[in-house]
Amino acid sequence: MPVVVLPDVPVPPALTARIAQLVGTVLFRHPSGRPWIAGTADGRRVVSARTGDLDIVAIGTTMTVDDDDLARLAAGHSSVVELDTLAAGLAEGDVLVFARQHGRLRSQAPPLLTKSLCWAVVDGVHLVADEQATLRDLAGLRPDPAVVASRLTNAEISHPFGLNSIWAGVRPAGPGQWLDSRQDRPPVPVTWWRPPEPDGSLEDLVGRLHDDIAAALRLRTWAHQTVSADLSGGLDSTTLNFFLAGIGRKAHTLFLETADMANNDHIWAGRAASELDTEHRVVPYADLVPYLLDERTCTVETCPEGPSMANTAVGAVPLVLRAMADTDTSLHLNGHAGDALFGPVSTMLWSLMRSGERGRLRRTWRLRLLNRYRLGTTVRMLASNNSYREDLLRIAGHTFDGRDEDITSWARWVTLPNAHPALTETAREHLRRAAADAARDEPAPLAADRTSHQILQYLVAHGNAVRRMNQAATPGAGVLFDSPYLDRRIVETSLALRIGDRAHQRPPKPLLAAARPAAMSLDYFTRTDKGDYTAETFHQHKALKPLLHDLFANGSALEEMGLVSAERIVRAASEFTVSGTSYADLDNIVFAERWLRSVHGT
């Protein structure tokens, strides 16, 4: 359901007509009679309340309040700026919160962007929408070449590149921000949520995390009679399914089976499904490839926010819908974001050394030996003290001829984007200019602590993926995709863990292991045969290789934009790489080419 928020200003009749055609009817009006919120319900709940001159509206399925509940919550509030606590309790999953008072508007989405809000100027009016494609269609916008260039790399994993809209003129709100709109002024992002200080002990946070996960699942499942979930055999999805059972919900579970006989994830997934007595479905991972090859995958219709690091997840959406079609599920859950929240990240050693933890030098030395890091590179990494802005300026002056693969780069706020050799100097200049623009206004990281900042960067990427999976779902399928680990409460509890306890990864993901349901054995966390999916990267590239030749043998849309050398791409398709990283880069270029052609076609 697209939603558009209009300020209390005169709107050209032609724009009013386009909004009605593309979005739907006016749901709420300003006291002046002008439209405030336009859209269609499409099965979502719409609740509203008024207290004094303050109007509040919430739209979404992940919501347990009705009009009377919202009125009680709103009582005593008199301004849109006073609604942080109230809105935080509502804006989760897919819920959007809007408020207005004396011409001032508040528009707020969930903090980790599982739904997001953005704005653009259309016919002189500053419009806020929950879909970038809505603003694209209303304003007739075209792709931004600089953002297209960044999507040919992994820049999206780093802040602020992960927030940039592919549509020129669209400006999204960031994590933990609401948009402050006033009549004819441009909306201003206001940060209402910041991560906690990482100063809590594992013992203090275990019970809180257990309760947070249970609460996040209750919130997401209460309105759904039937639910399904990934059960990959990994820690995150397995723990999630045990928590589902703990709140009395039995999910239909899905496992994508690799052809690699050395991968034992199927054993652990099967064990969990048996212990939980779920209706468990096993689908060969190879079945995903035809969906990736399908010409409808990663087009402007299925990927309205453009190609991205979520390409494979988006491509898997129709596979999941097919596998679960006869279950009548209306909610499919996954364990995305668990690795970032609970596992090790590359900045961890740097943060540990700079902390006040007792024995931090001895533990850092032990971790270095255990992972066989070279002494010189480890010392240089630990000694680095670059700022967030300095890392952006480093990218602004880089040639992108190498990758940040050495340990010396692990403590950086922003990593160097991986640029495939086929990217032209024009594409590289777009990357440099984007970094320089971001560095110009004394930018702030997502958190003062480097490890918290890095985790939040990954969470934004996962929020983007959830949002884009829902955009790719077949209209009318009636299935919502969600990642419960992106619930604000879970994120806050995880980020509050002090670095000394986070770095102690025995067992892996120690906070999650300690908070697991009583019915879940610690065996799942102490297993030594974690599955590897590198083989799937090679198999996927092999399947896409003929498509590379078809798309680039005679020029390409990306080449016409000046971003790639088609000849270099065709040549690279036959080159061998040990790690598969270059293959993944080429696959992303394939999706970007297909997407750009679909834009030109429309």
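**Figure 1. A network of salt bridges in the predicted model.** Salt bridges link Glu92, Arg220, Asp482, Asp487 and Arg489 into a network. The structure shown here and in the other views is a predicted model. Side chains of opposite charge can pair when their charged atoms come close. The count of salt bridges comes to 43.

**Figure 2. The salt bridge between arginine 34 and aspartate 8.** The two side chains meet at 3.2 Å, taken from N to O. Arginine 34 sits in the loop between β2 (26–29) and β3 (35–39), and aspartate 8 in the loop between β1 (3–5) and α1 (13–22), so the pair ties together parts that are 26 residues apart in sequence. Arginine 34 is partly exposed, at 31% relative accessibility. Aspartate 8 is buried, because its relative accessibility of 17% falls under the 20% limit.

**Figure 3. Two further salt bridges.** Arginine 151 pairs with glutamate 156, and their closest N and O atoms are 3.7 Å apart. Arginine 151 is buried at 4% relative accessibility, and glutamate 156 is buried at 7%. In another salt bridge, glutamate 567 pairs with arginine 571, with 3.0 Å between the closest N and O atoms. Glutamate 567 and arginine 571 are four residues apart in helix α24 (residues 566–572), so about one helical turn separates them. Arginine 571 is partly exposed, with a relative accessible area of 43%.

**Figure 4. The largest nonpolar core.** This core has 86 residues, of which Ile19, Leu127, Phe552, Leu558 and Trp595 touch the most other members. Helix α25 (residues 581–601) gives the most to the core, namely eight residues. Leaving out residues up to four places away in sequence, phenylalanine 552 touches Leu558, Val564, Ala566, Ile569, Val570, Ile589 and Glu593. Another core, of 75 residues, lies apart from the largest one and includes Ala91, Leu231, Ala269 and Ile455.

**Figure 5. The surroundings of proline 160.** Proline 160 is in the loop between α5 (145–151) and β10 (171–172). Its relative accessible area is 18%, so proline 160 counts as buried. Not counting residues up to four places away in sequence, proline 160 touches Tyr388, Leu392 and Ala438. Proline 160 and alanine 444 are 284 residues apart in sequence, and their C-alpha atoms are 9.8 Å apart in space.

**Figure 6. A nonpolar patch on the surface.** The patch is formed by Trp365, Leu369, Leu375 and Val379, which together have about 390 Å² of accessible area. Helices α13 (360–371) and α14 (375–383) each supply at least two of the patch residues. Leucine 375 belongs to helix α14 and is partly exposed, at 42% relative accessibility.

Terms used: Residues numbered from 1 in each chain as written. Predicted model: local features only at pLDDT ≥ 70, side-chain atom pairs only at ≥ 80, totals over all residues. Heavy atoms only, no water. Patch = residues over 30% accessible without salt bridge, like charges linked within 9 Å, V, L, I, M, F, W, Y side chains within 5 Å. Areas by Shrake-Rupley, 256 points an atom, 1.4 Å probe, with all protein chains shown as cover. Salt bridge = Lys/Arg side-chain N within 4 Å of Asp/Glu carboxyl O. Buried < 20%, exposed > 50% of the residue type's maximum accessible area, 1.4 Å probe, protein only. Core = buried A, V, L, I, M, F, W, Y, C linked by side-chain atoms within 4.5 Å. Contact = heavy atoms within 4.5 Å.
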